Amino acid sequence: MTTTAKTPAAVAFVGSGPGDPGLLTVRAASLLRRADVVVLDRVAREDFVAKFVREDTEIVDAGHGEAGQALTTASRAKLVVKTAKAAAKLGKDALVVRLMDGDPATFNGLAEEASALHKAAVPFEIVPGVSAASAVPTYAGIPLTHNGSRAVHLLSPGDSKVDYAKSAAADTTVVLFGTVDTLRTSFARLLEAGRDAETAVAVTVDGTTIHQKTHTFTLDTVDAGLKLLADDAQLVAVVGSPVDYRETLSWWENKPLFGWNVLVPRTKDQAGSMTERLGDFGASSDVVPTISVEPPRTPQQMERAIKGLVTGRYEWIGFTSQNAVRAVREKFEEFGLDARAFAGLKIAAVGGVTAEALREWGLQPDLVPSGEQSAKGLLEEWPEFDELLDPINRVFLPRADIATDTLVAGLQEIGWEVDDVTAYRTVRAAPPAPEVREAIKTGKFDAVCFTSSSTVRNLVGIAGKPHATTIVACIGPATAKTAEEHGLRVDVMSPEPSAEALVDALADFGRSLALSAAEAGEAVRRPSERRTTSRRKAKA
């Protein structure tokens, strides 16, 4: 009996970009979502790919061997071939993504690894990525060419065979990748080759990330500057006249919240728009859930309401949160229903976020407040019951167990009968990890964004009060009042009750801090860099 060997899985060499996840290409993201196995490079770690890959995707480390030693290029090539052959058992469409730092073709050993796959008859493709050689200088505000510099040389500092004399001309921009030690050697060799000692140099650490920091000096003073950097830091250096543009073109490090670490006390499902917008302003964010959403203790009331919805008991259904939309949708799926059951029913949403959750379900709300996005705003635009126009006088309100009576009372005043149904319960979440609690209390967070009074109460309850130097941003007057009642000074209040407006207001505050520092001739410092031992006091 003969057997047929299994065909190895296909391999895709994919560039991860220089660090900012937003620089991953569309093709790269698509392949990561399909990947059965991802072979990681030394910089592109698991936390980078977590948002793109499936939960069952296997992660293989190509940076270090079993004993912890760094793998050579040849060893990594063997590992990729071995992984592709092992993945054959997953089926004929199995895919291995070899994720490489920056662009696969630039200082990554692509030639050796792809050649090894070719020799082993393993099919592969190559997806270019954004190279750190261009992206990091760009994020530092340094163009690689201009009228006085028309040539760009990419050099590997670890290569002793590089002829630095070819890069000594004043109109040549030199880009180097390396560590403190390798860059120090390269700078010395450039000087020996005849490069002008007054040539401008920029060295960037953690390029294109929110931790990016760029140091500038001249070629003859770099030794003192490099002493400020960690020995094992991965650096990108630019040598040449384009460095002079940094003061004018630096855009990334001048974002209003650049480098800030912001605490977002929301569930991960609710925090998406806030964390994305914070990232747009240069901030990182830690999401700490303060509530847990659970089904009602007695589901019968909700089940009767859903059946009434199907049989035509209601004229309106009013959604006051994303959680309410999710709770009704889950009941629909449980009963085998879909959005068609809403035919003939008018739908109200308290605001844009809730309306978007409905649209994702295929439902277009009939009423969304144009002004204040709250129960009060919804009531102001909700039509009165009219016996001649409205065949049914009943409204279904699926809400939280702790919801206030404002909306119910207001609807009843304008003639509607209301079925106020507990669709879900909100309970206080478990305390965050000890290191997060410590960071909150000691001021390691630059700001905290409160989106409701309950987030204030629950965060203080499970983690303690934010430190005095932490900027407190609140979504509206009610939330601000609760924060003050808990001994916090409110620094920022959103002009309108939306998460996006809250982040925008925090960014405006960050701009004002930077402007004040500039006027005082001081360096811009994040709030966490001004920590004191005093506790924040409420406004008098």
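A residue is called buried when its relative accessible area is under 20%, exposed when over 50%, and partly exposed in between, using a 1.4 Å probe and protein chains only. Good morning. The model before you is predicted, so local features need pLDDT of at least 70 and side-chain atom pairs count only at pLDDT 80 or more, while totals for chains, interfaces and linings use all residues. Residues are numbered from 1 along each chain as its sequence is written, and side-chain values use heavy atoms, leaving out hydrogens and water.

I begin with Thr290, in the loop between β12 (284-287) and β13 (291-294); strands are DSSP runs of E, at least two residues, and helices are runs of H or I, at least four, numbered from the N terminus. Thr290 has 1% relative accessibility and therefore counts as buried. Beyond its neighbours within four places in sequence, its contacts (heavy atoms within 4.5 Å) include Leu459 and Ile462.

Leu459 and Ile462 also belong to the contact that α16 makes with α15, together with Ala463 of α16 and Arg437, Ile440 and Lys441 of α15. How do the axes of α15 (residues 434-442) and α16 (residues 453-463) cross? They come within 10 Å and cross at roughly 115°, so the helices are roughly perpendicular to each other, a term covering 65 to 115 degrees.

Finally, how many disulfides are found in the whole structure? The search finds 0, a disulfide being a pair of cysteine sulfur atoms within 2.5 Å. The sulfur of Cys449 has its closest cysteine sulfur in Cys474, 9.0 Å away, too far for a bond. Cys449 is buried, at 0% relative accessible area, and Cys474 is likewise buried, at 0%.

How values were computed: Axes are lines fitted to C-alpha atoms, for helices over the stretch in contact, and angles run from 0 to 180 degrees between N-to-C directions. Angles under 35 degrees count as roughly parallel, over 145 as roughly antiparallel, 65 to 115 as roughly perpendicular and the rest as oblique.
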